[in-house]
Amino acid sequence: MTFRSAVCCLLLLTAAAEADDRVTVDITGPKNDDSVQEVTDVVGKVSNPKAQVWLVIKPQRSTDCWIQSPAAVGKDGKWSVAAHFGDRNTHNESFELIAIANPKDDKTHEGKARCWPGAMSKSKAVNVKRE
């Protein structure tokens, strides 16, 4: 094997290993434009069941995000979390949701945060409304 062939093989193996490390995360419920309650279960799917999944909620009228408790992830990659949309006095407010997988900051914790936390993967945004 020539040096050039060895380098090509090494690059291909590295690319394949990196592809295996990629994680995708999706929110499957609620859907866009759904109504939510003060506490609503948010569910989804992550490609690697060993991934850490966090749900991030941003009230439309705010520049801050609220990171929810870590999601419970099953062996099949399905995840869920009881998400809080304001308090009992919150009405007619819209929220944007994004699920993140494997946050870049090891100190990610629930509570108020700057939008949007960095992560290996982020879901598409879902917009919901609290009636």
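1. The largest nonpolar core of this predicted model has 21 residues. Ile 27, Val 42, Val 46, Leu 55, Trp 79, Phe 85 and Leu 97 touch the most other members. (A nonpolar core is a set of buried Ala, Val, Leu, Ile, Met, Phe, Trp, Tyr and Cys residues joined through side-chain atoms within 4.5 Å; buried means under 20% relative accessible area, with a 1.4 Å probe and protein chains only.)

2. Two or more residues each come from strand 1 (25-29), strand 3 (39-46), strand 4 (53-59), strand 7 (78-84), strand 8 (93-103) and strand 11 (126-130). Strand 8 gives the largest share, 4 residues. Strands are DSSP runs (E, at least two residues), numbered from the N terminus.

3. A second, separate core has 8 residues, including Trp 54, Cys 65, Ile 100 and Ala 113.

4. Beyond its neighbours within four places in sequence, Leu 55 has contacts (heavy atoms within 4.5 Å) that include Ile 27, Val 42, Trp 66, Trp 79 and Leu 97.

5. The lining of the largest pocket divides into 3 nonpolar, 4 polar and 4 charged residues. Strand 9 (residues 111-114) gives the most, with 4 residues. (Nonpolar covers Ala, Val, Leu, Ile, Met, Phe, Trp, Tyr, Cys and Pro; charged is Asp, Glu, Lys and Arg; the others, Gly among them, are polar.)

6. Confidence: mean pLDDT (the predictor's confidence in each residue, from 0 to 100) is 86, and 82% of residues reach 70 or more. Over residues 5-20 pLDDT stays under 50, and the model has 2 contacts there beyond four places in sequence.

7. Residues are numbered from 1 along each chain as its sequence is written, and side-chain values use heavy atoms, without hydrogens or water. Local features need pLDDT of at least 70 and side-chain atom pairs 80 or more, while totals for chains, interfaces and linings use all residues.

Definitions and conventions: Buried means under 20% relative accessible area, exposed over 50%, partly exposed in between (1.4 Å probe, protein chains only).
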